Amino acid sequence: MKWKLSLLELARLMLAVVTAFLLIFMAGSAPNTDVSLQELEAVAVPQLSEGEVQKADGRMLRRLYGLNPSDYAEVVLYYPASNMGVEELLLVKLNDTAQTETVEAAIEARLGAQKQSFDGYGIEQTALLNNNAVTEVRGRYILFAVGVNAQAIRQAFLNAL
């Protein structure tokens with residue numbers, strides 16, 4: 001018996017193979033939704049400069065970002081310990097991915113306010129804000145980091161997920 005495939009049958013077969021491959025690939029790259037913010041904090045905080053940041057409470061989150069911590073599943077914020085510092089770490093676990101835009105807008109507003117604050121005299125701070133600020137969104141998790149080790153924090157965040 002000869003196997004004879006028409007062009008249409010061959011195209012259908014190829015489409016099925018590609019679809020199966022993409023589904024398997026995407027399922028494997030989905031972030032782990034069972035990671036607690038304490039686990040993410042444990043891998044990110046060691047990358048921060050010791051003595052340069054301090055852990056914030058809910059009032060400071062409201063003041064700096066305009067976000068209410070009770071609106072989110074979990075929130076962790078480390079902010080500069082001095083007025084001349086810019087190193088910062090924000091981790092947010094959303095209740096729903098629909099909250100992503102709100103948090104991203106708050107991050108952009110905070111970054112803009114910091115850039116404006118140091119404009120004209122804080123050369124090192126401005127350079128850090130312009131070149132060493134990362135925002136990463138993965139499913140229900142959001143990371144914002146500013147500092148010399150921002151890329152290392154981002155990589156630790158991604159590895160933990």
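How do the residues in the lining of the second largest pocket divide into nonpolar, polar and charged? The views below take up this question and others on a predicted model.

**View 1. The second largest pocket and its lining residues.** About 160 Å³ of space lies in this pocket, and its lining includes Ser-49, Glu-52, Met-84, Gly-85, Val-86 and Glu-87, together with Glu-124, Gln-125, Leu-128, Gly-147 and Val-148. By class, the lining of the second largest pocket has 4 nonpolar, 4 polar and 3 charged residues.

**View 2. The largest pocket, with helix H4 in its lining.** The volume of the largest pocket is about 240 Å³, and among the 14 residues that line it, Arg-63, Leu-64, Ser-82, Asn-83 and Arg-110 lie nearest its centre. Two or more lining residues come from each of helix H3 (58-65), strand E2 (74-80) and helix H4 (100-118), with H4 giving the largest share, 4 residues. The lining of the largest pocket is made up of 6 nonpolar, 6 polar and 2 charged residues.

**View 3. The buried residues of helix H6 (residues 150-160).** Ala-150, Ile-153, Ala-156 and Phe-157 are the buried residues of this helix; seen down the axis of H6, they fall within an arc of 125°, so they line one face of the helix. An α-helix has 3.6 residues a turn, so residues three or four places apart point the same way. The cover over the buried residues of H6 includes helix H2 (37-44) and strands E3 (88-93), E4 (133-138) and E5 (141-146).

Terms used
Residues numbered from 1 in each chain as written. Predicted model: local features only at pLDDT ≥ 70, side-chain atom pairs only at ≥ 80, totals over all residues. Heavy atoms only, no water. Buried < 20%, exposed > 50% of the residue type's maximum accessible area, 1.4 Å probe, protein only. Arc of directions from axis to C-beta. Contact = heavy atoms within 4.5 Å. 1 Å grid on protein atoms, 1.4 Å probe; cavity = no way out; pocket = protein on both sides within 12 Å on 5 of 7 lines; lining within 4 Å. Points joined across faces, edges and corners; volume = space filled by probe spheres on them. Nonpolar A, V, L, I, M, F, W, Y, C, P; charged D, E, K, R; others polar.
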